Number of protein chains: 2
Amino acid sequence: MTAGSLVVVGSVAFDTVEASGQKRDMLLGGSGSFFATAASYFAPTKLVAVVGEDFPQAHLDFFGSRGIDTSGIERRAGKTFHWSGRYSSDLTSRTTLDTQLNVFADFKPVLPEAWRGAELLFLGNIHPTLQLDVLEQVKKPLLVAMDTMNFWISGELAALKRVLERIDLLIINDEEARQLSGAHNLPQAARAIRAMGPKTIIVKRGDAGALLFHEGGVFAAPAYPLEAVIDPTGAGDSFAGGFIGYLAKARDFSPFSIRRGMYYGSVMASFCVEDFSLDRMRALTEAQIEDRYRAFRDLTHFEEIRIA
Amino acid sequence: MTAGSLVVVGSVAFDTVEASGQKRDMLLGGSGSFFATAASYFAPTKLVAVVGEDFPQAHLDFFGSRGIDTSGIERRAGKTFHWSGRYSSDLTSRTTLDTQLNVFADFKPVLPEAWRGAELLFLGNIHPTLQLDVLEQVKKPLLVAMDTMNFWISGELAALKRVLERIDLLIINDEEARQLSGAHNLPQAARAIRAMGPKTIIVKRGDAGALLFHEGGVFAAPAYPLEAVIDPTGAGDSFAGGFIGYLAKARDFSPFSIRRGMYYGSVMASFCVEDFSLDRMRALTEAQIEDRYRAFRDLTHFEEIRIA
């Protein structure tokens, strides 16, 4: 089986994070970094992003060590996107302290010619108009998935709806789903959003896990109740990376494959939060990933008959 | 297989509920009513409670029609406990408008002599001192489970701890678990509470489902994402009733039986919220219960191999 070619467009950033009693500065962050690193454990991943002159080669070398193709990362004059935030002591909420878009403000993603035949495309959380630009650069993708956020839902709804019409799968959190649909009830919200275009909706609910709404009905993937959460930054992007990475590996978008992918997404998110930045995901083994997958499966397993 | 004898002590009340655009008055409510009705689908249930002179015989007849033994319901001079509350439009929060304890204020639960050999005992959410009184009236129960609430945790902690030392299983919601343990993280909270006595802790999380912490590790039961929630009153008690009722039916307290019981608890809670009071649970068929059990199982099912 050859894994489907996977292209992701997203941010690569520096993060300054205050969490779990520590302040850590100039961490490797950004939605594209977390997504690509999580996905890289399943399928070769190509990352489209922009960085400034200050971005260390060591980070690009790390991406390379994970088999991530960085030839779509443009280096521009100026500084790299820098986000700073502080988490509450229970890690359930965060405050953005500063956002310096820097070179990201003028990001015009351009796919290398050789990447335009990508089979799977993930449109990370960037301006909907840029998402649409990227989508038009890819010839005949088998699966297009995307993320978005409250900022675009409230400020760029018309552009966002034009993207939604053309994608297969939306990954969104519960509050965003409510905001986008106008419905508080999540099954109702998902139905309204499915009518906007994407046939598959995944609603992330933080430590309550994720819900899937698609042609196969509804599916619930729990979050693992972890004792040692250090830094939640990037958990959603790592979920998306593990999930879409698994689909790329399987080249199977059937309901059962999508469900299994959600578990791999949850696995990668659970690793992500165990350390700052993407440090916990730097050097995982296949055995570690499979062990945690089994732990997740056992979490919801309740028949005596074990299934392989 | 003979079901284990199950005794529950709890409240039987009138509820006035504002929810889903309706105001409904003098509904049959109370933790004991919801618990016993849900449990009655699995095992013969004996209810210890108190009602006033105003309590209609029709409600007692309904309990009787469900096979619930009402000979432990004392009728006293005065009025029946009456709770009034209003839900927010999204049904995620509620405000208590009025609480008239009436005859419940002087409730001194006394078990009929013939019930003192009960195998399973559920101590509903009443004053911990009364829970202890009831516990001492039962000779050698196989399983003692209980519920409690923030009011007793903050006001009667010493008495509550004396009960906790003597029970097997605590059913509690997430905020109560945090309050009782002082830990925000739920696995940490559960470990702290297990050290207080009960070896099995179930943490209810509303529409995020329930977590089980016990010797078998951790288990997550999802809540079914329902579109048509009408009135959440009694959902937690119905969960407990379906759960403990299943254990009474199975007479098996192994980890897998407990997990399966949590699914039956979730099934009964999902029926409960589909109508006011316990109206949706008045006349369910075994087929309806089994259909929904399968729907719950499918909600977390993600392997191709189907298990019977």
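Strand β2 (residues 13-19) of chain B pairs with strand β6 (residues 82-87) of chain B in the parallel sense, over five bridges. In this pairing B:Val17 stands opposite B:Gly85 in β6(B). The model is a predicted one.

β2(B) also pairs with strand β3 (residues 22-29) of chain B. Here the sense is antiparallel, and the pairing runs over six bridges. B:Phe14 faces B:Leu28 of β3(B) across this pairing, the two standing opposite each other. β2(B) and β3(B) form a hairpin, with two residues between them. In the turn, B:Ser20 has a positive phi of about 50°. How much of β2(B) is buried? Six of the seven residues are, so the strand is mostly covered by the cut-off of under 20% relative accessible area. In a regular strand, side chains alternate between the two faces of the sheet.

Now turn to the contact between the chains. Chain A contributes 36 residues and chain B 36 residues. The size of an interface is often given as the accessible area lost when the parts come together. For chain A and chain B, about 3400 Å² is buried between them. Of that area, 56% lies on carbon and sulfur atoms.

The polar side of this interface can be counted too. The rule finds 14 residue pairs in polar contact across it, both residues at pLDDT 80 or more. Which elements of chain A give two or more residues to the side that touches chain B? They are α7 (186-194), β13 (217-221), α9 (255-272) and α10 (286-299) of chain A. By class, that side of chain A has 18 nonpolar, six polar and twelve charged residues.

Side chains of opposite charge can pair when their charged atoms come close. Between chain A and chain B there are four salt bridges. One salt bridge between the chains joins A:Asp207 and B:Arg205, with the closest N and O atoms 2.8 Å apart. A:Asp207 lies in the loop between β11 (200-204) and β12 (210-214) of chain A, and B:Arg205 in the loop between β11 (200-204) and β12 (210-214) of chain B, so the pair joins two chains. Are these two partners buried or exposed? A:Asp207 is partly exposed, at 49% relative accessible area. B:Arg205 is buried, at 14%.

Another salt bridge links B:Arg191 and A:Glu227, at 2.9 Å from N to O. B:Arg191 sits in helix α7 (residues 186-194) of chain B, while A:Glu227 sits in the loop between β13 and α8 of chain A, so this pair joins two chains. B:Arg191 counts as exposed at 52% relative accessibility. A:Glu227 counts as partly exposed at 33%. Within chain A, salt bridges that share partners join A:Glu274, A:Arg280 and A:Arg292 into one network.

Over all chains, the whole structure holds 22 salt bridges. One of them brings together the side chains of A:Glu119 and A:Arg251, at 2.6 Å from N to O. Why does this pair tie together parts that are apart in sequence? A:Glu119 lies in the loop between β7 (94-100) and β8 (120-123) of chain A, and A:Arg251 lies in the loop between α8 (235-250) and α9 of chain A, so the pair ties together parts that are 132 residues apart in sequence. A:Arg251 counts as partly exposed, at 42% relative accessibility.

Conventions:
Residues numbered from 1 in each chain as written. Chains lettered and ligands numbered in written order. Predicted model: local features only at pLDDT ≥ 70, side-chain atom pairs only at ≥ 80, totals over all residues. Heavy atoms only, no water. Contact = heavy atoms within 4.5 Å. Buried area = accessible area lost by both parts, 1.4 Å probe. Polar contact = N/O pair within 3.5 Å; in protein donor to acceptor, adjacent residues only side chain to side chain. Helix = DSSP H or I, 4+ residues; strand = E, 2+ residues; numbered from the N terminus. Nonpolar A, V, L, I, M, F, W, Y, C, P; charged D, E, K, R; others polar. Buried < 20%, exposed > 50% of the residue type's maximum accessible area, 1.4 Å probe, protein only. Pairing = 2+ DSSP bridges.
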